Amino acid sequence: MYIEIDENSGFCFGVVRAISRAEAALKELGGEVYSLGDIVHNRMEVQRLEALGLRTITHSDMEQLGGRDLFIRAHGEPPTTYRRAEELGIRLIDATCPVVAQLQRKVVAAHERMQAIGGQVVILGKRGHAEVVGLTGQVEQPTIVVEREEDLQQIDFSRPIFFLSQTTQSVALFWHLAERMKEQLSDERMLTVDDTICRRVSNREKALSEFATRFDVVIFVCGKKSSNGKVLFNVCRAANERCYNIEEESELRSEWFDGCRSVGICGATSTPAWLMQRVRESIEQRFCNKE
């Protein structure tokens with residue numbers, strides 16, 4: 001059985017930067033460093049870092065961290081988090097992805113522009129996702145979050161719209177929704193569209209689709225919490241119906257490899273390379289002799 005790991009899969013720039021900074025902080029400080037939420041949406045990588053001393057906390061735990069170090073992950077945080085940390089005497093290690101930080105500034109500017117003309121700001125994103133919470137928390141004014149076409153009913157199409165996106169969303173979905181908005185406006189000039197999807201992520205869609213067609217079976221590795229993972233898995237599944245999504249190698253099933261001569265392994269921007277390699281080794285050990 002031929003097995004290949006997609007060389008373009010794995011951590012994106014923002015995640016590599018965040019994990020590198022976390023590892024450096026753990027080494028330099030020689031003790032526990034706290035992360036506000038999972039540093040990456042991959043349980044296996046979180047467990048690896050926890051073994052080095054990283055501790056994951058929630059916002060409600062911040063009261064107990066006075067004088068300690070707190071890590072802001074790549075997804076970013078709203079300004080209220082920074083103010084609260086300062087009040088509590090918490091030292092922040094800010095690893096917000098530069099692409100996300102730029103988008104946060106764009107959200108503020110979009111609201112200022114729409115406020116001047118009675119408009120509204122709409123973001124394509126997953127409700128409750130850390131990045132989206134950080135984006136909508138940049139301003140006090142409400143931001144409309146849409147996940148699918150049905151959510152467009154939240155929008156007042158008699159008012160101007162500024163449309164942006166969470167950095168890891170589907171480019172195709174973003175522009176599909178933009179077109180649907182245009183159709184419902186009396187004048188398409190009332191719509192301002194800013195495609196803020198990270199190209200280091202979105203450019204993977206075409207390459208991943210091509211990768212998935214080359215194999216009998218595709219194993220897509222990502223954490224269950226990964227928003228980007230859901231998008232990219234659907235890309236793979238559309239290209240190859242024998243595409244299976246797992247979080248770790250123990251989830252591999254024998255029947256997936258019936259009649260299989262080639263296997264492609266790929267993953268999300270939050271999937272570590274070491275985990276995809278471990279999946280490969282498990283397939284080699286357990287299924288390579290299967291006819």
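Tutor: Start with helix 9 (residues 227-239), which lies across strand 10, strand 11 and strand 12. Helix 9 runs at about 160° to strand 11. This is a predicted model, where local features need pLDDT of at least 70, side-chain atom pairs count only at pLDDT 80 or more, and totals for chains, interfaces and linings use all residues. Residues are numbered from 1 along each chain as its sequence is written, and side-chain values use heavy atoms, with hydrogens and water left out.

Some terms first. Helices (H or I, at least four residues) and strands (E, at least two) are DSSP runs, numbered from the N terminus. Two strands pair if DSSP finds at least two bridges between them. Contact means heavy atoms within 4.5 Å. Axes are lines fitted to C-alpha atoms, for helices over the stretch in contact, and angles run from 0 to 180 degrees between N-to-C directions.

An open sheet of four strands has the order 1-12-10-11, and its pairing is parallel. Its edge strands are strand 1 (2-5) and strand 11 (243-246), and each pairs on one side only. Neighbouring strands of this sheet are turned against each other by 20° on average, direction ignored. Strand 1 is joined to strand 12 (residues 262-267) by four bridges, and the two run parallel. Y2 has S262 of strand 12 as its bridge partner. Helix 8 (residues 204-212) also packs on this sheet, touching strand 1, strand 10 (217-221) and strand 12. The direction of helix 8 makes about 160° with that of strand 12.

Strand 2 (residues 33-36) and strand 3 run parallel and are joined by four bridges. There, Y34 has R55 in strand 3 as its bridge partner.

Two packed helices are described by the angle between their axes and the distance between the axes. The axes of helix 1 and helix 2 (residues 43-51) come within 11 Å and cross at roughly 20°. Helix 1 and helix 2 are therefore roughly parallel to each other. The cut-offs are under 35 degrees for roughly parallel, over 145 for roughly antiparallel, 65 to 115 for roughly perpendicular, and oblique for the rest. Helix 1 passes helix 2 in a right-handed crossing. A crossing is right-handed if the near helix is turned clockwise from the far one by less than a right angle, and left-handed if anticlockwise. I19, E23 and L26 of helix 1 make the contact with E45, R48 and L49 of helix 2.

Move on to strand 6 (residues 120-124), which is mostly covered: five of its five residues are buried. Buried means under 20% relative accessible area, exposed over 50%, and partly exposed in between (1.4 Å probe, protein chains only). Q120, V122 and L124 point one way from strand 6, while V121 and I123 point the other way. Strand 6 pairs with strand 8 (residues 161-165) in the parallel sense over five bridges. V121 has F162 in strand 8 as its bridge partner. Three bridges join strand 6 to strand 7 (residues 144-146), and these run parallel. I123 has V145 in strand 7 as its bridge partner.

I117 sits in helix 4 (residues 98-117). I117 is partly exposed, at a relative accessible area of 49%. I117 and I3 are 114 residues apart in sequence and 56 Å apart in space, C-alpha to C-alpha.

Last, the cysteines. The structure holds zero disulfides; the criterion is a pair of cysteine sulfur atoms within 2.5 Å. The sulfur of C12 is 6.2 Å from the closest cysteine sulfur, in C97, too far for a bond. C12 is buried, with a relative accessible area of 13%. C222 is in no disulfide either, as the nearest cysteine sulfur, that of C266, is 9.6 Å away. C222 is buried too, with a relative accessible area of 3%.
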